[in-house]
Amino acid sequence: MTSTLPNSSPYTSAPASVSRVMLKVIYAMIPGSIAHVYFFGWGLLINMTIALMTALLAESVVMQLRKRPTLPALFDGSATVTALLLALAIPPLAPWWLPMLGSAFAILVAKHLYGGLGFNPFNPAMVGYAMLLIAFPQNMTAWIPPHELGNTLSFMQTLDYSMVGTLPANQTLDAITMASPLDTLKTQLMLDTTVSQILLTKPVFSGMAGIGWEWVNLMFLLGGIWLLLRRVITWHIPVAVLAGLGAMSALAWLIDSNHFATPVFHWLSGASMLGAFFIATDPVTACTTPRGQLVYGALMGVLIYIIRVWGGYPDGVAFAVLLLNMAVPTIDYYTQPRVFGHGGK
Amino acid sequence: MIHKLNRFHGGLHLPDHKAVSMQAQVTPQPLPKQLVIPLQQHIGAIDEPSVNPGERVLKGQLIARSDAHVSAPIHAPSSGTIVAIEARPVAHPSGMPAACIVIETDGKDEWTTLTPCADYTQLSPETLRQRVHEAGIVGLGGAGFPSFIKLTPGIGKVVETLILNGAECEPYITCDAMLMQARPDTVLQGAQIMLQAVQARHCLIGVEDNKPTAIAALQHALQALNDDRIRIVPIPTIYPTGGERQLIKVLTGKETPTHKLPIDVGVVCHNVATAAAVADAIIEGKPLISRYVTVTGAGIGQAHNLEVLIGTPMQTLLEECAARNVPDMQTIMGGPMMGFVVEDLQAPVIKTTNCLLHQTKPQSQAALPCIRCGECMRVCPAQLLPQQLYWHARAKDLDKTQDYKLFDCIECGCCAYVCPSHIPLVHYYRFAKTEIWAREREKLKSDHARERHEFHLQRLERKKQEDEERKRKKRELLQRAESPDDNKQDAIAAALERVKAKKAAQQVAPQNTENLTTAQQAKIDAIESRRKTLSNDSGQDEGQ
């Protein structure tokens with residue numbers, strides 16, 4: 001890579017930069033993160049801080065080892081976005097080493113072993129998440145319920161748990177945490193009840209989707225729309241993801257509404273909006289042609305649904321993203337746009 | 001009447017910086033002491049000088065030409081004396097000097113005899129083309145392709161639309177805008193002449209809508225002219241709408257296939273300045289010896305347009321416009337998007353010099369890795385995938401770059417302009433193109449070398465065989481000489497053989513020896529007797 005520009009045209013450029021792009025992505029995460037903290041407590045902020053510090057440290061160590069300029073890599077914002085996305089995917093009440101391990105794995109293995117920024121075939125945050133989910137399934141599935149359902153841990157109590165693993169005297173982890181709404185729905189459906197019964201009787205549901213989750217998802221949708229308006233991302237991938245997920249859930253729901261939840265439930269559950277607008281749109285690992293992005297997004301939506309409903313994991317976003325990352329070169333190759341002057345009218 | 005416009009893919013809205021050089025009128029540049037006229041100012045074959053050092057030339061006199069079809073002759077921009085024909089610095093991306101004719105001007109600016117034509121409508125298309133060629137007119141928009149060729153539709157080709165390109169989409173440049181403002185009548189006359197030359201039905205003059213004054217001037221002139229074949233069409237200001245194929249798409253909706261020419265979709269496209277030059281050449285008989293040049297940029301005190309003689313050193317233009325001469329300045333010939341840096345400002349203005357942009361060198365920003373954001377793809381007017389092209393060009397995977405249609409890239413620079421990683425994308429594409437050309441040349445050369453080598457081997461082989469043959473014969477001869485007995489026996493055997501043959505011949509009656517005249521018979525007898533004596537002689541010889 002040349003470090004300076006050769007003196008050839010164009011001699012002017014737009015004031016765009018990678019860090020500006022990343023900064024906008026970070027801004028867009030703010031509403032969803034606030035909703036997350038509001039409903040699920042301070043854990044997210046602690047996880048974000050740990051993940052971020054780890055990511056930046058890992059990034060600078062690797063850049064030193066690779067004898068590359070360190071500061072630009074720290075300020076391009078990509079490691080920051082990776083860390084924040086990972087933290088959003090980790091349960092809020094988690095030991096400190098969970099976000100640290102995930103973040104280090106994301107930066108060191110998923111990003112830099114493949115060549116660093118721009119060269120990683122897999123979404124680093126999702127690789128980190130998948131590694132944690134496979135290695136520490138218990139920690140990774142222990143979600144704390146929204147504060148309406150008795151999650152009243154203060155910031156210091158959460159920090160205590162994160163750092164030394166102690167909870168207030170009268171509480172145990174099992175008592176505080178419970179399965180996420182998606183998990184609950186899946187396990188309850190095995191007990192021969194219907195979706196509507198579960199949604200009405202189980203406390204984690206608000207009637208439409210999980211309490212808190214619907215707001216978190218709506219806030220990420222809001223941030224995503226802002227990204228669209230600021231032209232940081234295009235509509236293709238998010239719309240295709242939501243359409244794929246919506247089409248699958250609508251089909252299943254129309255066939256058997258007793259055993260399959262509505263499209264709205266799926267859109268507002270788990271990491272749907274975060275995945276559609278923030279994770280699937282990671283430019284480095286996503287498809288790059290417009291038609292390819294539609295295929296990529298739609299297949300991802302379908303896969304999210306399949307993994308959620310029939311798979312063994314609580315949510316399908318991470319695995320759907322990683323599986324589709326593998327298909328990117330092929331999809332891109334077969335969806336090249338028609339070049340001007342080639343077979344037009 | 002509203003003309004229906006079309007869109008091409010991508011493009012950019014750039015800050016145009018045009019107003020700064022539009023405030024003043026066009027001023028003629030004073031006659032320089034020396035004019036340096038490069039022999040190559042056009043696409044095609046380089047010209048041969050038709051004058052010698054020491055010779056006096058008149059303004060407009062032919063000084064160089066070529067017999068090649070794709071070429072344009074060159075004329076003396078002013079009267080004076082040829083002082084040298086030698087390599088001088090010229091404006092070229094390579095920075096290499098090139099052959100130039102140097103004229104010491106005498107200040108008289110004395111014209112050669114011109115052949116004006118009051119009524120060009122009497123001239124045939126062939127004559128018009130011939131005169132355009134003789135006037136040395138090339139595409140003044142920047143490409144410098146000899147114009148008479150583009151005025152020759154070719155057998156069986158029908159030109160529906162003549163397009164005059166007044167888009168001038170690059171920032172800063174205003175020479176075409178000023179020309180349309182200052183000389184709208186000439187531009188329109190040029191359009192009429194070109195219409196006649198290509199026998200087109202109508203003419204569209206496309207002008208970007210950021211030049212309302214030029215559009216108004218043209219429309220005003222058109223009203224006076226009252227030619228309903230010509231239409232002035234304001235087009236949206238989107239870079240690079242002035243690209244030939246982009247403009248054709250915008251104005252006609254037609255997409256010129258990659259490996260074809262605009263003429264194949266019934267369109268011929270010329271620059272407005274070229275049209276004006278054609279009008280001057282046909283009506284007044286003047287060859288192309290001057291042009292409008294925009295001198296502008298942050299480093300210029302008084303940015304404006306100059307009417308400049310071809311061959312004027314660029315340095316004098318900059319001085320004329322009060323260029324600030326501080327370090328870290330650079331002068332670009334052309335616009336900021338597609339121009340190139342002129343290393344030596346002694347280089348002269350040539351036919352394709354539309355703008356000198358004098359400004360500080362851009363801060364070189366370190367390029368970051370590509371994050372595949374796709375911005376480049378969204379602005380690419382050729383609808384390429386610049387990010388993929390970059391990826392493969394960087395890996396020197398030249399076949400892949402061609403799969404991704406590298407050669408459809410027009411190097412407009414939109415991709416590099418928007419790249420958030422500041423990657424000099426166009427640089428990589430130029431590199432890949434040059435590599436591919438080099439590779440093809442190399443292949444031709446190696447094919448040639450291989451053929452030569454194979455011929456060489458064949459020749460060696462033949463020579464070897466011939467040598468061996470010769471040696472064998474020699475050996476045989478030697479062997480015979482060494483064994484005279486064998487030799488004698490051979491001779492005896494041969495003689496016997498001959499006798500046998502003779503007998504056999506006598507037994508078979510010759511078919512045409514019957515019914516002979518006495519004279520013929522006598523002749524034959526004479527021959528036979530000669531033969532007998534001969535064979536006896538030889539028989540004796542052999543016997544020895």
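Predicted model: local features only at pLDDT ≥ 70, side-chain atom pairs only at ≥ 80, totals over all residues.
Residues are numbered from 1 along each chain as its sequence is written, chains are lettered from A in the order in which they are written, and side-chain values use heavy atoms, leaving out hydrogens and water.

Helices here are DSSP runs of H or I with at least four residues, numbered from the N terminus. The axes of α6(A) and helix α17 (residues 317–334) of chain A come within 9 Å and cross at roughly 125 degrees, with axes being lines fitted to C-alpha atoms over the stretch in contact and angles running from 0 to 180 degrees between N-to-C directions. That angle makes α6(A) oblique to α17(A) (under 35 degrees is roughly parallel, over 145 roughly antiparallel, 65 to 115 roughly perpendicular, and the rest oblique). On the α6(A) side, the contact (heavy atoms within 4.5 Å) is made by A:M126, A:V127, A:Y129, A:A130, A:L133 and A:I134, and on the α17(A) side by A:A318, A:F319, A:V321 and A:L322. By class, that comes to ten nonpolar, no polar and no charged residues (Ala, Val, Leu, Ile, Met, Phe, Trp, Tyr, Cys and Pro are nonpolar, Asp, Glu, Lys and Arg charged, and the others, Gly among them, polar).

Helix α6 (residues 124–135) of chain A also packs with helix α5 (residues 97–111) of chain A, at about 130 degrees and with axes 8 Å apart. Again the arrangement is oblique, but α5(A) passes α6(A) in a right-handed crossing. Residues including A:L98, A:L101 and A:F105 in α5(A) meet α6(A) residues, among them A:P124, A:M131 and A:L132.

Elsewhere in chain A, A:S60 sits in helix α2 (residues 43–65). At 15% relative accessibility, A:S60 counts as buried (under 20% relative accessible area, with a 1.4 Å probe and protein chains only). Leaving aside residues up to four places away in sequence, A:S60 touches A:T70 and A:L74.

Between the chains, 59 residues of chain B are in contact with 44 residues of chain A. The two chains bury about 4400 Å² between them, 59% of it on carbon and sulfur atoms (the accessible area, 1.4 Å probe, lost on being put together, summed over both). B:E255, B:I371 and B:R372 supply 17% of the area that chain B buries against chain A, more than any other three residues.

Conventions. Helix = DSSP H or I, 4+ residues; strand = E, 2+ residues; numbered from the N terminus. Left-handed = near helix turned anticlockwise from the far one by under 90°. Buried < 20%, exposed > 50% of the residue type's maximum accessible area, 1.4 Å probe, protein only.
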